[in-house]
Amino acid sequence: MRVSGALVAKALDLLEQEIKPGMTTKELDTMAEEFIRDNHAVPSFLNYVPKSDPGVTPYPATLCISINQEVVHGVPSIKRVVKEGDIVSVDCGVYKGGYHGDAARTFVLGVIDEKVQQLVDVTKESLERGIAMAVEGNRLHDISSAIEDYARSFRFSVIENMVGHGIGSELHEDPAVPNYGRKHTGVKLVEGMTLAIEPMIALGRSRRAVSRRNEWVAVTEDGKPSAHFEHTIVVRQGKAEVLTRTFLE
Ligand code: MF3
Ligand code: CO
């Protein structure tokens, strides 16, 4: 999982360096897929079918690219161009050696509204607050409540119907990792548990991301912008190990 996680981080670093206004989301997707395959790995999301909804069309791309009011699962397209002032959430999964890595970052293109910039910064920091709780002896919702409390202290809205997850030989494993909850509740965390923690936080009041029938992309109910950061981590004693930390930092 260290190998898969490092590849995800490198793919996101590549995208962070290359993304420019005027590019299509399909160009970014192709860049990521080539990078992953050049490294003898497979995109985790490509052809993914959720176990909960086996009738859905398999996910058709390497990345999820979700712009502004899009919360998650934006499907890359030759018709979708990113522009100055957008926030662009890029989610990437890699499968290698029998294990998955999964991470996401929200990129800011050029100068954006101050409030939207704060949303991005707070979402990123809320993930760090969650990771700080992912230590042996704590409980699952200690992670959740740390994320929720931090986001809510800025009066931002936590998206509740999309969650993080266990991760390993499957992309999505138990337990579900919500971004809200009551501290000191939930399963006990033990050393070696591997989790994908992924806060999705929005301006406005939408607590849900909604999608149309037969569409992957999920958007805020009020059309306000949403940000998304994700890391794959290992629960350890004292301090979590982050497997998808950026190489740019
Ligand atoms: N990181 C997202 C998740 O864990 C990406 C899933 S995209 C999908 O849900 F295509 F695989 F569904
Ligand atoms: Co995930």
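How many helices and strands does the protein have? Good morning, colleagues. The protein has four helices and 15 strands, where helices (H or I, at least four residues) and strands (E, at least two) are DSSP runs numbered from the N terminus.

This is a predicted model, in which local features need pLDDT of at least 70 and side-chain atom pairs count only at pLDDT 80 or more, while totals for chains, interfaces and linings use all residues. Residues are numbered from 1 along each chain as its sequence is written, chains are lettered from A and ligands numbered from 1 in the order in which they are written, and side-chain values use heavy atoms, with hydrogens and water left out.

Let me turn to the overall dimensions. The C-alpha atoms fill a box of roughly 50 × 40 × 40 Å along the principal axes. For 249 residues, a compact globule would have a radius of gyration near 18 Å, so the 17 Å of the protein agrees; this radius is taken over C-alpha atoms, and the globule rule is 2.2 Å times the number of residues to the power 0.38.

I now come to ligand 1. Surrounding ligand 1 are 13 residues, the closest being D91, H165, H172, E198 and E230; a residue is near a molecule if one of its heavy atoms lies within 4 Å of it. By class, this shell has six nonpolar, three polar and four charged residues.

Some individual distances follow. An N or O atom in the side chain of H172 is 2.8 Å from an oxygen atom of ligand 1. A nitrogen atom of ligand 1 lies 3.1 Å from a polar side-chain atom of D102, and a nitrogen atom of the ligand is 3.1 Å from an N or O atom in the side chain of E230.

Finally, two points on the backbone. The peptide bond from D174 to P175 is cis, with omega near -5 degrees, and P175 is found in strand β8, residues 173-177. H73, a residue other than glycine, has a positive phi near 65 degrees; H73 lies in the loop between β3 (70-72) and β4 (87-96).

Conventions. Polar contact = N/O pair within 3.5 Å; in protein donor to acceptor, adjacent residues only side chain to side chain. Nonpolar A, V, L, I, M, F, W, Y, C, P; charged D, E, K, R; others polar.
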